[in-house]
Amino acid sequence: MKYKFRGLASIGSEVEDVIDAVLEWLGKDSEFDDAMKWKHILDSFGE
């Protein structure tokens, strides 16, 4: 089990938690690769 200890820091100090949550949401291995391919396709429309 993974434990996280939180301090009494200001808002914005938990950026790592946000990044971890986004990466977990994106998935791993082929799921992540598919998400990145989709991102590149969407980015190409903005050029």
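The side chains of K39 and D43 meet in a salt bridge, with an N to O distance of 2.4 Å. The model is predicted. A search of the whole structure finds 1 salt bridge. Side chains of opposite charge can pair when their charged atoms come close. K39 and D43 are separated by about one helical turn, because they stand 4 residues apart in helix α2. K39 has a relative accessibility of 39% and therefore counts as partly exposed. D43 is partly exposed too, at 37% relative accessibility.

The protein contains 2 helices and 0 strands. Helix α1 covers residues 15–26. Helix α2 runs over residues 30–45. The length of α1 was compared with expectation. At 1.5 Å a residue, the 12 residues of α1 should span 16 Å. The end C-alpha atoms of α1 lie 17 Å apart, in agreement with that value.

G27 follows α1 and has a positive phi, near 100°. D29 sits in the loop between α1 and α2. The phi of D29 is also positive, at about 50°, although D29 is not a glycine. D29 has a relative accessible area of 66%, so this residue is exposed.

W38 forms a nonpolar patch on the surface together with I41, L42 and F45. The accessible area of these residues together is about 480 Å².

The surface was then considered for the protein as a whole. Its accessible surface comes to about 4900 Å². Carbon and sulfur atoms account for 62% of that area. Of the 47 residues of the protein, 2% count as buried, where buried means under 20% relative accessible area. K39 and D43, the partners in the salt bridge, count as partly exposed, at 39% and 37%.

Note on methods
Residues numbered from 1 in each chain as written. Predicted model: local features only at pLDDT ≥ 70, side-chain atom pairs only at ≥ 80, totals over all residues. Heavy atoms only, no water. Patch = residues over 30% accessible without salt bridge, like charges linked within 9 Å, V, L, I, M, F, W, Y side chains within 5 Å. Areas by Shrake-Rupley, 256 points an atom, 1.4 Å probe, with all protein chains shown as cover. Salt bridge = Lys/Arg side-chain N within 4 Å of Asp/Glu carboxyl O. Buried < 20%, exposed > 50% of the residue type's maximum accessible area, 1.4 Å probe, protein only. Expected span 1.5 Å × (residues − 1).
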